[in-house]
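Look at the chain and follow its helices one after another.

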Amino acid sequence: MNGRALVAWNLRRVRVTAGVSQERLAADAGVDRAYLGGLERQAENPTVDLLDRVAAALSVPLGELFVQPPEGAEPPQPLRGGRRKT
């Protein structure tokens, strides 16, 4: 798995596990939501500074975005879309 794919995998894994939407994470990290979505789709090539901000917004160490998934692991599923009922 290349670096961009590894970051995309772990970014979604951590974000979904925390129950954080792309929109909320983007706001907390100070980036555009579309750019954050591009990171998860491997369409963007982030800087270390940006990854540092995203990791801080998720309250995880930067290294968490580079954890190698177990062999044969299923890709993290996105959060269910739409507005939440309150």
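Contact here means heavy atoms within 4.5 Å. Helices are DSSP runs of H or I with at least four residues, numbered from the N terminus. The model is predicted, so local features need pLDDT of at least 70 and side-chain atom pairs count only at pLDDT 80 or more, while totals for chains, interfaces and linings use all residues. Residues are numbered from 1 along each chain as its sequence is written, and side-chain values use heavy atoms, leaving out hydrogens and water.

In helix α1, the residues A8, L11, R12 and R15 meet L36, L39 and E40 of helix α3. Two packed helices are described by the angle between their axes and the distance between the axes. For α1 (residues 3–18) and α3 (residues 33–40), the angle is about 115° and the axes are 7 Å apart. Axes are lines fitted to C-alpha atoms, for helices over the stretch in contact, and angles run from 0 to 180 degrees between N-to-C directions.

Helix α1 also holds W9. This residue counts as buried because its relative accessibility is 15%; buried means under 20% relative accessible area, exposed over 50%, and partly exposed in between, with a 1.4 Å probe and protein chains only. Apart from neighbours within four places in sequence, W9 touches M1, P69, A73, E74, P75 and P76.

In helix α2 (residues 22–29), Q22, L25, A26 and A29 are buried. They lie on the same side of α2 because they cover an arc of only 100° around the axis. These buried residues pack against α1, α3 and α4 (48–58). E23 and A27, on the other side of α2, are exposed. The arc is that of the directions from the helix axis to the C-beta atoms.

Technical notes:
Helices (H or I, at least four residues) and strands (E, at least two) are DSSP runs, numbered from the N terminus.
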